[in-house]
Amino acid sequence: MSVSELNPSAGFREELAARGGATAARCYQCATCSSVCQLAPDDGPFPRRQMALAQWGFGDELVSDPAVWLCHQCNDCTVRCPRDAKPGDVMQTVRSLVVEKLAAPSFMGRLVARAGSTWPLLLGVPFLFWVAALYGVNGLQFPAELKGFREIVPHWLIYVVFYPVSGLAALAMLVSGVRFWNMLGSRAARSGSFFGNLIPVLIEIATHKRFGSCEAASSRRWGHFALLWGFVFAAATAGFAVLAETVLKTATPLPLVHPIKLLGNTSAVLLLVGGAIVVYNRLIGGNRTGASTAFDNFFLGLVLLLIVTGVLTEAGRFAFPPALAAWVYIVHLTAAVSLFVTFPYSKFAHFVYRALAMVHERMARPQGV
Amino acid sequence: MTATKQKPILVVGAGIAGMTVALEAAEAGREAILVEKEPAVGGRVARIHNYFPKMCPPACGMELNVRRLEKNSRIRVLTAAEVTRADRSGVGWKVTVRQEPQYVNARCTVCGDCEKACADTVADPFNFGMSKAKAARQFRPDAWPRRFVLDKDAIADGGKTVKEACKFGAIDLDAMPREESFDVSAVVLATGWHPYPKEKLPELGGGVCRDVIANVEMERLASPSGPTGGKIVRPSDGNPPKRVAFVQCAGSRDVNHLAYCSGVCCLASLKHAGYVKEQIPDAEVTIFYIDRRTPGRNEEVLAKISALPGVKLVKGKAGKVESTPDGALKLRAEDVEAGRIAEGVFDLVVLATGMESNLKGAALPFGTALDPDGFGLDDPEACVFVAGVARRPEDVAASVRDATGVAARAAAAARRS
């Protein structure tokens with residue numbers, strides 16, 4: 001067999017190493033990792049096989065491997081690895097490479113993948129945009145007494161910005177998702193209906209049952225769970241708020257006991273708790289949480305910025321001088337735009353990729369798991 | 001050559017390596033002092049049922065060595081003794097050796113009357129505590145020096161009954177510890193090893209499941225002098241196991257445990273598979289391994305054992321061993337060659353644990369430097385040498401070869417003194 005028949009993707013090992021997967025080189029294929037993984041199916045154990053592919057530089061094989069996404073990085077493998085090869089980190093790095101490779105447009109993928117150096121751009125551009133837009137709208141003049149945030153940013157401006165931004169992000173995610181789905185399909189025959197298999201996957205995601213079977217980072221389940229539901233409730237809050245304003249013509253700001261307000265505050269509490277658990281785990285975790293790469297840190301940092309400025313914005317209306325409350329709100333909007341724009345290219349996208357991989361897994365194994 | 005009498009060589013540890021060093025040096029004309037911590041010589045080898053590749057019982061080699069020891073007036077053996085102090089003295093060392101109280105003296109004829117009279121028992125250290133032994137007993141069958149031992153603290157009446165039972169006046173309940181100083185020309189550390197504790201491997205059932213045993217315990221189970229008289233049984237119910245699994249590299253080649261390969265466990269498990277098949281011909285034996293390390297003529301053992309019906313070798317390290325509700329053991333591994341999880345139910349699981357140097361973490365009166373794995377390094381300037389598994393993990397044959405070389409080096413260093 002010639003080298004070209006083996007076809008290791010040129011430069012893949014170097015790429016993987018540079019992005020946080022250098023420890024793959026330590027692996028000696030003992031398979032402890034596969035045997036301790038609670039998530040790997042018996043007839044397709046991981047991550048031992050993926051570690052071999054990573055060592056040999058079989059990038060195409062790895063990038064199209066659904067197992068990479070079935071991994072929840074609970075790090076049972078990394079904790080037990082006798083070579084400290086950190087399979088959990090390697091799998092996470094491969095996922096970040098998938099996100100980058102399937103990005104549409106591709107320059108956005110490269111930009112967010114290098115968030116370690118590009119984060120000033122990813123945050124600065126939205127910030128300058130808001131400052132410029134508000135200067136144009138009201139000359140950055142804030143009222144002496146703040147009754148509602150629409151006095152700082154009129155709601156029409158919010159709609160004008162967020163409708164296209166979220167629409168474009170959704171479109172980009174859709175393109176990448178279709179690419180990913182087709183790539184998985186080219187590897188294994190599927191049967192059954194997509195939506196029929198999506199429902200049990202969504203139930204699994206909603207309950208985080210698989211996450212619960214992990215041992216090394218069991219507390220991570222609840223952090224992730226709280227963040228997920230915090231985001232779902234926040235999205236619902238936004239949706240209901242738009243409906244209330246545009247359809248029901250409800251007056252804003254809403255009273256604190258209004259159901260939409262209660263939902264919003266519930267999401268804030270969930271996000272705060274989830275964010276705190278995730279940060280705490282990363283601070284104390286070591287091998288149990290795995291290494292934090294720029295890919296992880298940018299997303300987590302953005303989410304934390306969004307949560308903290310969100311809570312401060314809400315409190316600021318009562319507690320801060322109007323100018324301070326206004327600037328906190330502008331930073332909050334900056335984080336929101338940045339999160340929306342980078343969604344298909346950041347760690348946030350794992351929500352879509354993992355869900356698709358889980359649906360694929362069910363359809364490629366008709367007997368189910 | 002000087003006309004004055006040469007100072008002796010001190011050998012610490014009377015296992016197969018230490019005995020070999022002392023014998024080779026003495027037979028070449030040197031004086032040697034052999035200090036052993038246990039009440040009898042033999043160390044780890046004495047606890048093996050058969051050793052590879054020829055599967056001889058240790059009695060063969062050991063008996064020969066004991067006869068060489070008895071015959072050789074140039075060797076002084078101190079058992080139940082340890083070096084407590086060492087100071088440089090000229091080229092060599094001045095050492096102090098402390099010997100535990102010898103409650104049984106040289107008048108003992110190994111008649112066994114004291115053992116019969118003794119009602120108290122201790123967890124037998126020779127059998128890793130797997131069985132009870134009388135507080136007055138022979139340390140092991142054929143133990144040398146040929147006399148009984150008395151665990152005085154374990155005897156309720158302080159030993160009065162056993163003393164009365166002895167017809168030869170060999171029991172001295174007032175014996176005191178003794179200290180003796182020696183001027184020695186060179187020092188050889190042959191302090192050996194201990195098995196890596198299986199309790200450090202709870203995920204593999206070590207210390208958690210009764211029927212998860214260490215490879216050294218398998219040797220005792222198979223040995224006629226062992227706790228079951230040589231019957232391989234499950235510790236929990238005493239039944240012969242029908243399904244036996246071996247977990248290779250249990251705590252070895254593992255940065256969380258011992259980072260190195262002990263080099264003997266692959267062979268040991270193959271040998272154990274042979275023990276099991278010999279006693280229980282219909283037993284199913286599965287060996288879970290990362291690599292099969294059987295260099296040289298050991299390859300023949302691999303070929304022979306793996307060809308036995310009912311013996312299976314699975315590539316893939318076992319990651320988890322748990323008890324099942326019906327008292328069996330469930331083991332999980334990936335069968336790498338099949339690309340799927342191999343989950344098996346077994347009656348007995350043997351952890352192939354490695355060898356840890358006794359020098360590691362020990363107080364070292366000779367200032368011996370250790371390598372990162374805890375094995376000792378020679379210090380020719382100080383006339384201190386290391387032999388056997390204290391130097392590096394190796395099998396019995398290699399240990400003997402190694403010890404012979406060390407004897408020559410120590411003798412050469414001693415000549416300078």
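1. Contact here means that heavy atoms lie within 4.5 Å of each other. By that criterion, 21 residues of chain B are in contact with 23 residues of chain A. The model is a predicted one, and the points below should be read with that in mind.

2. Chain A contains 18 helices and zero strands. Its radius of gyration is 22 Å, close to the 21 Å that the globule rule gives for 369 residues, so chain A is as compact as a globular protein of that length. Along the principal axes, the C-alpha trace of chain A spans about 75 × 40 × 40 Å.

3. Chain B has a secondary structure of eight helices and 22 strands. A compact globule of 417 residues would have a radius of gyration near 22 Å, and the 23 Å of chain B agrees with this. The box filled by the C-alpha atoms of chain B, taken along the principal axes, is roughly 70 × 50 × 35 Å.

4. Turning to the interface, chain B and chain A bury about 1700 Å² between them, and 44% of this area is on carbon and sulfur atoms. On the side of chain B, the residues that lose the most area to chain A are Arg332(B), Glu334(B) and Ile341(B), which together account for 28% of what that side buries.

5. The polar side of the interface deserves a separate point. Between chain B and chain A, 11 residue pairs are in polar contact, with both residues at pLDDT 80 or more. Three strands of chain B each give two or more residues to the side that touches chain A: S17 (318–323), S18 (329–335) and S19 (340–346). The residues of this side of chain B comprise seven nonpolar, five polar and nine charged.

6. How many salt bridges does the rule find across the interface of chain B and chain A? The number is three. Arg332(B) forms a salt bridge with Asp42(A), and the closest N and O atoms of this pair are 3.6 Å apart.

7. Strand S4 (residues 81–89) and strand S5 (residues 92–99) of chain B run antiparallel and are joined by eight bridges. In this pairing, Ala86(B) has Val95(B) in S5(B) as its bridge partner. S4(B) and S5(B) form a hairpin with two residues between them, and Gly90(B), in the turn, has a positive phi of about 65°.

8. In chain A, the bond from Ala104(A) to Pro105(A) is cis, with omega near -5°. Pro105(A) is found in the loop between helix H8 (87–101) and helix H9 (106–113) of chain A. In chain B, Trp144(B) and Pro145(B) are joined by a cis peptide bond with omega of about 5°. The loop that holds Pro145(B) lies between strand S8 (136–137) and strand S9 (149–150) of chain B.

9. A last point concerns the backbone of chain A. Asp84(A) is not a glycine, yet its phi is positive, at about 55°. Asp84(A) is placed in the loop between helix H7 (76–80) and H8 of chain A.

Notes. Residues numbered from 1 in each chain as written. Chains lettered and ligands numbered in written order. Predicted model: local features only at pLDDT ≥ 70, side-chain atom pairs only at ≥ 80, totals over all residues. Heavy atoms only, no water. Buried area = accessible area lost by both parts, 1.4 Å probe. Salt bridge = Lys/Arg side-chain N within 4 Å of Asp/Glu carboxyl O. Polar contact = N/O pair within 3.5 Å; in protein donor to acceptor, adjacent residues only side chain to side chain. Helix = DSSP H or I, 4+ residues; strand = E, 2+ residues; numbered from the N terminus. Nonpolar A, V, L, I, M, F, W, Y, C, P; charged D, E, K, R; others polar. Pairing = 2+ DSSP bridges. Rg over C-alpha atoms; globule rule 2.2 N^0.38 Å.
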